[in-house]
Amino acid sequence: MAELENSKDLISVLWSGADILRSKMDANEYKDYLLGIVFYKYLSDSFLIKVYDLIYDEKPDTLKIALEAYREALEDESAEELKEQIKSECHYVIEPELTYTCFADAARNNSFNREQLQKAFNNIEQSDPLFADLFTDIDLYSNRLGTGDQKQSDTIASLIKEIDKADLLNSDADVLGNAYEYLIGQFASETGKKAGEFYTPQAVSKILTKIAISGQETKKGLSVYDPCMGSGSLLLNAKRYAAEPNYIKYYGQELMTSTYNLARMNMFLHGVVPENQKLRNADTLDSDWPTGEETDFNMVLMNPPYSAKWSAAAGFLQDERFSDYGVLAPKSKADYAFLLHGLYHLKNNGTMAIVLPHGVLFRGAAEGKIREKLLRSGHIYAVIGLPANLFYNTSIPTCIIVLKKHRDGRDVLFIDASKKFEKGKKQNTMTDKHIDEVVDLYHKRKTVEKESFLASFEDIEKNDFNLNIPRYVDNFEKEEEIDLDALLNEMKQTDEELEKTQGEVLTLLKELTSSDDAVLKSLNHLIGMFEGGLM
């Protein structure tokens, strides 16, 4: 309960930080400032706590006390030794005057200097390849912060003062990580269509993760790979369901640099140690990765950009990821290219779960050939139809395809979860109850009327390898039978009421008169029409 309260307090502080920037720029831009400065506070506070712990072997009561202890220690002859020790543990060193604690004091005293903050960012980026170019999206000299040096500097100072209210000293990694996740989700909601680049709704993340981790929860050193990782939220979900979360190894790749930076921050804020995260900023389809020692993983989770364009160059037919299939995903729709990339990197006993548009289930040509080959090899294990309008960047309904490499049998479980949602103003949402129902159907792996169907390979072959869910799960709701006698009785009553009303109108019309011959003629014509209608 205390953790929840801490998380709420933290969220409200961070959200009020967003209010400072909201009137100046849209969420897609201000998220970089807010999340970047929060991350610098995290690095600085963690650093001071670690320093104090190294000196006194305990946690400081306040960050100011830790800063004073650090200043004193630097005057000692063993200062260099202390710095080396901190560097080896934290991967960076922050000078006293560049700590967030110092910046917050300066902001409160109206003596804040943004050049110092820029210097602090540069120092972190240069301290270890882990942090290279991490703060490049934060332009402390942008006109969007205000017009002129003073206003721009004041905006950053206000943000620093507000975020300083966040108590990271007494917040554990999960509280901070969850608050950060919440912010990313809120930005996704505000940003709308652009959010697809960095965020998978939590309900979809939960289903993907619960399914992919199933049977592997107790594995120590579990490896998770997301080749289109966005902000890393999907990868980090594995922590929630693993028995040994501190030993999970995370591998992720992301094309957009600012989103890749967000993922790196997200990893640290969730307490993932550097040696357990291998993240890369590159195009997943153009060049295969990872290609070193670790190339296949226990879990592969993916929410790639839907029907994206890619080169589909002939040379890819020799690429090991695609060469077994004889054809390539079409240039205009890279869906199967992403799917095959993920499958290639899956361990023989692992599970992969990917979100894609429904078209991949039934489109023909090259996609049809790839789908048939996957089905003949028994790789497609389950197909789950999700409700429409769950995502920020598209309202189309999507599906989850679950894949395995080596298994007995080639049957496929179909689940229709299209009606398991709560309607929202902008987006539909799936509750925990809906999520549990879907995962339960997945585990049962049997036919349940109107919800799931376990199709044999012969069923699928008869359907020409078309996996369109309505072919297998009939969720048609039969309309109630109409009581004809009751309907006729209702029609008779309506006719009687209509006749009575028309009679009353006719009586009123006959009482009307006029000295104008034209009006009288029209009136008599109208009375004639009514009398004709009543006959």
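Reader: What makes D464 count as buried or exposed?

Author: Happy to start there. D464 has a relative accessible area of 64%, and the label exposed is for values over 50%, buried for those under 20%, and partly exposed for those in between (1.4 Å probe, protein chains only). D464 is therefore exposed. Before we go on: this is a predicted model, in which local features need pLDDT of at least 70, side-chain atom pairs count only at pLDDT 80 or more, and totals for chains, interfaces and linings use all residues. Residues are numbered from 1 along each chain as its sequence is written, and side-chain values use heavy atoms, with hydrogens and water left out.

Reader: Where is D464, and what is its phi?

Author: D464 sits in the loop between α16 (457–462) and α17 (484–510). The helix and strand names follow DSSP runs (H or I of at least four residues for helices, E of at least two for strands), numbered from the N terminus. Phi of D464 is near 55°, a positive value in a residue other than glycine. Most residues other than glycine have a negative phi, and most peptide bonds are trans.

Reader: What about A312: what is its phi, and is the residue buried or exposed?

Author: A312 also has a positive phi, near 50°, and is not a glycine. With a relative accessible area of 19%, A312 falls under the cut-off, so the residue is buried. Its place is the loop between β4 and α13 (335–344).

Reader: Which residues does the cis peptide bond join?

Author: The cis bond joins W289 and P290, with omega at about 0°. P290 belongs to the loop between β3 (277–281) and β4 (297–302).

Reader: How many disulfides are there, and how do you know?

Author: The count comes to 0. A disulfide is a covalent bond between the sulfur atoms of two cysteines. Here the rule asks for a pair of cysteine sulfur atoms within 2.5 Å. For C90, the closest cysteine sulfur is in C102, 18 Å away, and therefore too far for a bond. C228 is in no disulfide either, as the nearest cysteine sulfur, that of C399, lies 15 Å away. Both cysteines get the label buried: C90 because its relative accessible area is 12%, and C228 because its relative accessibility is 14%.

Reader: What makes the contact of D45 and K41 a salt bridge?

Author: A salt bridge is a side-chain nitrogen of Lys or Arg within 4 Å of a carboxyl oxygen of Asp or Glu. The side chains of D45 and K41 meet at 2.8 Å, N to O, and this meets the rule. The two are 4 residues apart in helix α2 (residues 27–56), so about one helical turn separates them. D45 is buried at 1% relative accessible area, and K41 is buried at 2%.

Reader: Which helices hold K210 and D436, and how far apart are their closest N and O atoms?

Author: The closest N and O atoms of K210 and D436 are 3.3 Å apart, and the pair forms a salt bridge. This pair links distant parts of the chain, with K210 in helix α9 (residues 202–213) and D436 in helix α15 (residues 432–444), 226 residues apart. K210 is partly exposed, its relative accessible area being 24%, and D436 is partly exposed at 42%. Elsewhere, salt bridges that share partners join K41, D45, K64, D105, R108 and D164 into one network. The structure holds 26 salt bridges.

Reader: Which residues make the nonpolar surface patch?

Author: That patch, of about 530 Å², is made by I482, L484, L487, L488 and M491. Patch members have over 30% relative accessible area and no salt bridge; like charges are joined within 9 Å, and nonpolar side chains (Val, Leu, Ile, Met, Phe, Trp, Tyr) within 5 Å. Areas come from the Shrake-Rupley method with a 1.4 Å probe, and for residues only the protein chains shown count as cover. L487, found in helix α17, has 37% relative accessible area and is therefore partly exposed.

Reader: And why is E499 called exposed?

Author: E499 is called exposed because its relative accessibility is 51%. The residue is found in helix α17.
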